[in-house]
Amino acid sequence: MRALDTAQVSFPPSETIQILIVEDEYIIAANLQENLETLGYDVLGIASSATEAIATAGALRPDLVLMDIRLQGEMDGVEAAEQIWTQLQIPVIYVTGHSDKSTLDRAKITCPFGYILKPVKSKELYVAIETALSHYEREQLLTTVLRSIGDGMIVTNTQGCILFLNRSAELLTGWQQADA
């Protein structure tokens with residue numbers, strides 16, 4: 001990654017966004033932290049493994065996670081991102097040096113809120129974060145609307161897998177959202 005030229009980037013976030021960095025290479029993590037802080041974001045911490053990322057996200061509840069895909073240990077960033085989203089509903093942006101088809105296909109399954117290739121440029125980082133947060137806000141609004149509908153509402157994907165059940169649908173079917 002290259003150093004941040006602060007003269008080129010002048011779009012501070014409207015509120016302080018708290019971000020967790022998941023990166024097992026110290027120099028890259030430190031550079032990301034510096035870039036994020038220069039852009040006006042708050043870095044809550046740096047995790048170097050998938051297990052640490054899940055635990056730290058649960059404890060600190062960041063607004064967003066920047067996740068490297070290839071991490072040391074038994075679990076990689078894709079698996080960690082899936083657990084963080086499923087358990088905590090925290091959006092994840094992948095930050096990786098890998099753009100091969102198989103890696104991208106695995107990452108796409110988790111419906112990430114962004115995918116940035118290393119070396120990371122400050123402007124691209126800013127745009128990815130702000131876009132992801134905007135997408136997340138719209139998704140949360142839609143979820144709130146669907147939950148408030150009095151009729152049973154079940155949302156599926158094109159393969160017929162259940163993505164969402166509102167409370168009325170849970171009562172009608174006997175299924176819980178988590179089980180479905």
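The paragraphs below go through the fold of the protein chain, its charges and a few of its residues.

The model is predicted, so local features are taken at pLDDT of at least 70 and side-chain atom pairs at pLDDT 80 or more, while totals for chains, interfaces and linings use all residues. Numbering starts from 1 along each chain as its sequence is written, and side-chain values use heavy atoms, with hydrogens and water left out.

Starting with the overall layout, the protein chain has 6 helices and 7 strands. Both kinds of element are DSSP runs numbered from the N terminus, with helices (H or I) having at least four residues and strands (E) at least two. Reading from the N terminus, the order is β-α-β-α-β-α-β-α-β-α-β-β-α. The radius of gyration of the protein chain is 18 Å, close to the 16 Å from the globule rule for 180 residues, so the chain is as compact as a globular protein of that length. For the record, that radius is taken over C-alpha atoms, and the rule is 2.2 Å times the number of residues to the power 0.38. Along the principal axes, the C-alpha atoms fill a box of roughly 55 × 40 × 30 Å.

How much of the chain is tucked away? Of the 180 residues, 39% count as buried. Here buried means under 20% relative accessible area, exposed means over 50%, and partly exposed is in between (1.4 Å probe, protein chains only). The accessible surface comes to about 10,100 Å², and carbon and sulfur atoms hold 53% of it. These areas come from the Shrake-Rupley method with a 1.4 Å probe, and for residues only the protein chains shown count as cover. Contacts (heavy atoms within 4.5 Å) tell another part of the story: among those with a separation of 6 or more, 57% are between residues 24 or more positions apart.

Next come the charges. The protein chain carries 12 positive and 24 negative side chains, and the centres of the two sets lie 6 Å apart. Lys and Arg count as positive and Asp and Glu as negative, with His and the chain ends not counted. Each charge is placed at NZ of Lys, CZ of Arg, CG of Asp or CD of Glu. There are 7 salt bridges, each one a side-chain nitrogen of Lys or Arg within 4 Å of a carboxyl oxygen of Asp or Glu.

One of these bridges joins Asp-68 and Lys-118, at 3.4 Å from N to O. The two residues sit in distant parts of the chain, 50 residues apart: Asp-68 is in the loop between strand S3 (64-67) and helix H3 (77-88), and Lys-118 is in the loop between strand S5 (114-117) and helix H5 (122-148). Asp-68 is buried, at 3% relative accessibility, whereas Lys-118 is partly exposed at 21%. Glu-23 joins Asp-68 and Lys-118 in a network of salt bridges.

Arg-70 and Asp-100 also form a salt bridge, at 3.9 Å from N to O. Arg-70 is in the loop between S3 and H3, while Asp-100 is in the loop between strand S4 (92-96) and helix H4 (101-109), so this bridge ties together parts that are 30 residues apart in sequence. Arg-70 is partly exposed at 41% relative accessibility, and Asp-100 is partly exposed at 31%.

A further salt bridge pairs Lys-101 with Asp-105, with 2.8 Å between the closest N and O atoms. Both residues belong to helix H4 and are 4 residues apart, which means about one helical turn separates them. Lys-101 is exposed, at 62% relative accessibility, and Asp-105 is partly exposed, at 28%.

Moving on to helix H2 (residues 50-60), which of its residues are buried? They are Ala-50, Ala-53, Ile-54, Thr-56 and Ala-57. Their cover includes strand S1 (18-22), strand S2 (42-47), S3 and H3. After H2 comes Arg-61, which has a positive phi near 50°.

Val-92 belongs to strand S4 and is buried, with a relative accessible area of 4%. Leaving aside residues up to four places away in sequence, Val-92 touches Val-65, Met-67, Ala-81, Ile-84, Pro-112, Phe-113 and Gly-114. The C-alpha atoms of Val-92 and Ala-59 are separated by 16 Å, with the two residues 33 apart along the chain.

Lastly, Ser-168 is found in helix H6 (residues 167-173). Ser-168 is buried, with a relative accessible area of 19%. Again not counting residues up to four places away in sequence, Ser-168 touches Ile-149, Gly-150, Asp-151 and Gly-152.
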